[in-house]
Amino acid sequence: MDEINDQTFPEDPSNDSLVKVTGMYKDWFLDYASYVILERAVPAIEDGLKPVQRRILHSMKDLDDGRYNKVANIVGHTMQYHPHGDASIADAMVQVGQKELLIDMQGNWGNILTGDSAAASRYIEARLSKFALEVVFSPKVTDWQLSYDGRKKEPIHLPVKFPLLLAQGAEGIAVGLSTKILPHNFNELLQASVQHLKGKKVSVYPDFQTGGIIDVQNYNDGLRGGKVRVRAKISQLDKNTLVINEIPFSTNTSSLIDSILKANEKGKIKIKKIEDNTSSEVEILVHLPNDISPDKTIDALYAFTACETSISPLGCLIIDNKPHFMGVSEMLKISTDHSVQLLKLELEVQLQELENQWHYASLERIFIENKIYRDIEEASTWEEVIAFIDKGLKPHIGHLKRAVVEEDIVRLTEIRIKRISKFDLDKAQQKIEALEGDIAEVKNNLAHLIDYAIRYFTHLKKTYGGDKERKSEIRIFDEVDAKKVVVRNQKLYMNREEGFIGTSLKKDEFVCDCSDIDDVIVFTQEGKMQVVKVDSKVFIGKNIVHSAVFKKKDTRTIYNMLYRDGKVGTSFIKRFAVTGVTRDKEYDLTQGKAQSEVLYFSANSNGEAEIISILLRNTGSIKKLKWDLDFADLQIKGRASRGNTVTKYPIRKVELKEKGVSTLKPRKIWFDETIRRLNLEGRGTLLGAFKGEDKLLIATQQGTLRAVAPELSLHFDETVIHLEQWIPEKPITAVYFDAEKERYFIKRFLIESIDKEDSFLKEDSTLLYLGFDWLPLLEVHFEKPRGKEQPESLLINANEFIAVKGYKALGNQLTNKKVKAVELKEALPYEMPKEEAIRDIEVEVDEEESDAESKKGDDSQITLDF
């Protein structure tokens, strides 16, 4: 293949002859790609820095005199080493400064929370931080190279004795590859380095300056294919206001608010207004309309806005001038081992310097103590001076650690007469002994290098880690079902006779509110069922008997149906749930015979079972023309079951005689402390078995209580101290300190309202004990008065001490002594009133079935043929 140098370019521009650029592309593109990878986009493993960052820090060290320097001055100085424009250098410096680790900043350096940019470089100032001065620089162990124009020397790598790459993180896009290493916590990295040096397994997880909540289950050690989910920290300020105090990494308040407003415009969420009060800390207030659930809105914010983001890390870095992919644990180990080697080099340099100082101090003492300087009085040439001194030293240098060279003798000749005249032998000996102590210490550190490195990392953590606590809370996230939390921004209508459903049929029958991402389940009089996506107009089939928004995996909604098999066939009755279906597929709920017809149908959101009356046609041979059927007598099966036989005679009419109650057994609900959410899967602590009308009692440290329906969408922040199944007649016991009266009170009360938050504490009161036992026996411990004996603890039977009153009551005074703590000594026996036995009816969950399976009968059921 011809190279570009071999090409002959036409002199006449109008000449249409072709010129091959294959060689040019092959060589130049590869050179360009290598340059971008090595010199611009990807950090080096040795110091964790990109070239521009390394040159900025080197320039700042050149200019460092302890005072602040204008950033514009630093940028100009950096251009001696970095062959690029001032704007790119200034931007890179601002990014390093905003990490708040290596650069001490002064002026407006921008705000990572709001996305505000920094002021112009001529208005802001910077200097190296104390941490950077201690950890990043060590000229005596630094390898140097010439700058791009050969005028200056710059470090090949800075001798960073800290896993800086993992602390700062790195992101860059090169030619053909990219890197995205997430930032980690300062203290956790140092602790992990210590663990590695001790031979233990290490693992580190990201920590972001913006805080937030992170799920690192799929972090995959920062390798390709890993994922970190990050959420904003959202809490409920009151029933109509949410507050966002921390935001996800890679977002800012402006972009976050824009995403919330867009979701509101699209109808995914519903908000009244939004306020941004962010300054040094994030505070975004989201105001909700009166009819919107705060808990569902929090989930909707995670589902439809930038309040939840997913970050895919990719650990790529430069090792030996080549890009390598590796996990953060391996990066930490390499960085720690490299730091140990740097510490060893520094110790070796220090040892050499100390030994040189000891050698010269010893020579100086010998030279002055033995008055060898007098021997040179008779010398007439420089060579004789050197020879006389060398001869005079020989009897006294047996204890020296190395030979005396001419350079040592020259240095002795440079000692001033004034210094010789004031020479103090004792001070000289003390200096030599001090140097011997320092040499012994350095040798000991070299002999026990790992212990020395551990002490070094511990020193860094103690000195600089005080204000570097973890900001991102690690938690396991629950999955948010978008269909359950989306705002119902559409209205669904249906035309029963013509068989159409949709959002545009506004002249027809209203069905319910829905969203544009919902599915709709529809049943027809022919016994057909279909699930379709919400649209403006969809044809299902004539004579629709029921339609509603479909909830996947819903085992609580039970359908009660009575149908005739064929034109004059037997009638059957059945109960079933619909949990798994294929969208747009038509299902036959009968046995498939032509002209089958649904005679009665009902949908029951909580498994209710009504009583119906069956009226037969009078054909002359039937003795009983009317009787009642209770759906509660039927088991709940899959939609494919045939059902139980009702009668083989023609039915004239089916009437609803009596509405039923739920026949489903209570739902067991658990609370998962890890994600602080309710669930039905058995994760965490069992709260109880809840019937349809049961409530969940929620208590907070601030002294508030509320009884609410146990919806799985509920959120529980850190102030919630107790959850339990609410028993309306069960009293609650509280002991508190009234700051206004400066006394301790005890009270027992009942919750008086449902779905409303009641506060049983006055302002400035302190809650000491909150109990939910029927008959608590409390033990009160007192503070020891100064100069007096410790008072005995007080036992109180709360039921005998005070009667149950309203939650606003002050209560009875407990004691006039200063209380240290109140604890439950014992819960006295109490016999609960017996409840009626609950029918234990399981719901058969059927996943997607084949058509052949859907026609199978259920011959094991009891036949109800009258």
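Which residue just after α4 takes a positive phi? I began my look-up with this point, keeping in mind that the model is predicted, and I found that Glu100 is the residue, with a phi of about 60 degrees.

**Helix α4.** I then turned to the helix itself, which covers residues 86-98 and counts 13 residues. I noted that α4 reaches 18 Å from its first C-alpha to its last, close to the 18 Å expected at 1.5 Å a residue. I looked up burial next and listed Ile89, Ala90, Ala92, Met93, Val94, Val96, Gly97 and Gln98 as buried in α4. For the partners of these buried residues I recorded the helices α2 (51-63), α3 (71-78) and α6 (164-168), together with the strands β2 (103-106) and β3 (125-128).

**Confidence.** I checked the pLDDT and found a chain average of 86, with 93% of the residues scoring at least 70. Over residues 1-11 the pLDDT stays under 50, and there I recorded 15 contacts beyond four places in sequence; over residues 849-866 it also stays under 50, with 36 such contacts in the model.

**Whole chain.** I counted 17 helices and 48 strands in the secondary structure. The radius of gyration came out at 41 Å, whereas a compact globule of 866 residues would have one near 29 Å, and I noted that the C-alpha trace spans about 155 × 110 × 50 Å along its principal axes.

Terms used
Residues numbered from 1 in each chain as written. Predicted model: local features only at pLDDT ≥ 70, side-chain atom pairs only at ≥ 80, totals over all residues. Heavy atoms only, no water. Helix = DSSP H or I, 4+ residues; strand = E, 2+ residues; numbered from the N terminus. Expected span 1.5 Å × (residues − 1). Buried < 20%, exposed > 50% of the residue type's maximum accessible area, 1.4 Å probe, protein only. Contact = heavy atoms within 4.5 Å. pLDDT = per-residue confidence, 0-100. Rg over C-alpha atoms; globule rule 2.2 N^0.38 Å.
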